[in-house]
Amino acid sequence: MGGRVTSPVLVGRRAELEALRAALTEIAPGAGPIVTIAGDAGVGKSRLLAELVASIRSDPPGPRPVTVASAACIEVAAGELPYVPLLELLTNLGTDLAGPAATEASDLAGELAGADAGAIAGAVGTSLASAGAGRTRHLVRLHALLAGVADERDLVLILDDLQWADRSTLDAIAFLASRFAGGSVTIVLAYRSDDLHRRHPIRPWLGEIRRRS
């Protein structure tokens with residue numbers, strides 16, 4: 001499913017919206033969960049994503065109920081504020097959940113919010129292996145939470161402005177993409193194609209994601 005919808009220029013928003021809705025239901029067996037939207041700044045990607053969220057909520061594209069959560073990356077110096085878009089996703093997702101799932105979303109967001117503090121602790125004594133194990137536990141918990149939600153409903157996660165994503169967030173997306181295939185979880189990624197200069201770090205990452213999907 002990776003790269004199933006890639007739009008270098010967004011013209012005719014209704015057609016693009018219908019193509020996205022179709023992509024959410026046309027999941028081939030074994031296909032990855034990634035859908036990408038690319039376009040220059042100002043062509044309407046964020047507006048399209050907002051329309052997609054409203055459309056999914058008012059008229060689910062498949063037979064099952066759908067939960068949709070969205071977030072956006074922010075432009076900060078490299079290495080700062082890890083997982084910020086995932087915190088926003090978990091917070092928004094938690095508003096649609098109840099019981100243990102809502103509690104887990106809140107608890108996991110709290111732990112990810114402290115990830116930068118953990119990195120500082122690692123610099124003054126915690127081993128790199130321990131820090132890596134902590135990140136792995138977070139990702140395993142995130143996968144388990146999303147998989148549990150997807151057992152009962154389709155799940156659409158939308159991440160805008162991917163060109164500003166931090167390394168930790170990219171690693172988390174890659175981790176999830178490798179574990180959700182041909183199922184009920186879709187990850188929609190939008191980015192500014194005009195920002196991706198030849199040496200932009202996201203270029204090889206996108207290539208790898210598409211190769212896996």
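At 22% relative accessibility, Glu 104 falls in the partly exposed class. The model is a predicted one.

**Glu 104 and Arg 141**
- Glu 104 pairs with Arg 141 in a salt bridge, and 2.8 Å separates the closest N and O atoms.
- This pair links distant parts of the chain, since Glu 104 belongs to helix 4 (residues 99-113) and Arg 141 to helix 6 (residues 128-150), 37 residues apart.
- Arg 141 is partly exposed, at a relative accessible area of 24%.
- Glu 111 joins Glu 104 and Arg 141 in a network of salt bridges.

**Arg 21 and Asp 59**
- A salt bridge connects the side chains of Arg 21 and Asp 59, with an N to O distance of 3.4 Å.
- Arg 21 sits in helix 1 (residues 13-25), while Asp 59 sits in the loop between helix 2 (45-58) and strand 2 (66-72), so the pair ties together parts 38 residues apart in sequence.
- Arg 21 has a relative accessible area of 10% and is buried, because buried means under 20%.
- Asp 59, in contrast, is partly exposed, with a relative accessible area of 45%.

**Arg 167 and Asp 171**
- The side chains of Arg 167 and Asp 171 form a salt bridge with an N to O distance of 3.0 Å.
- Both residues lie in helix 7 (residues 167-179), and because they are 4 residues apart, about one helical turn separates them.
- Arg 167 is partly exposed, with 48% relative accessible area.
- Asp 171 is also partly exposed, with a relative accessible area of 37%.

**Thr 67 and its surroundings**
- Thr 67 is part of strand 2.
- With a relative accessibility of 3%, Thr 67 counts as buried.
- The side chain of Thr 67 is in polar contact with the side chain of Arg 153, at 2.9 Å.
- Leaving aside residues up to four places away in sequence, Thr 67 touches Leu 93, Asp 96, Arg 153, Asp 154, Leu 155 and Val 156.

Conventions: Residues numbered from 1 in each chain as written. Predicted model: local features only at pLDDT ≥ 70, side-chain atom pairs only at ≥ 80, totals over all residues. Heavy atoms only, no water. Salt bridge = Lys/Arg side-chain N within 4 Å of Asp/Glu carboxyl O. Helix = DSSP H or I, 4+ residues; strand = E, 2+ residues; numbered from the N terminus. Buried < 20%, exposed > 50% of the residue type's maximum accessible area, 1.4 Å probe, protein only. Polar contact = N/O pair within 3.5 Å; in protein donor to acceptor, adjacent residues only side chain to side chain. Contact = heavy atoms within 4.5 Å.
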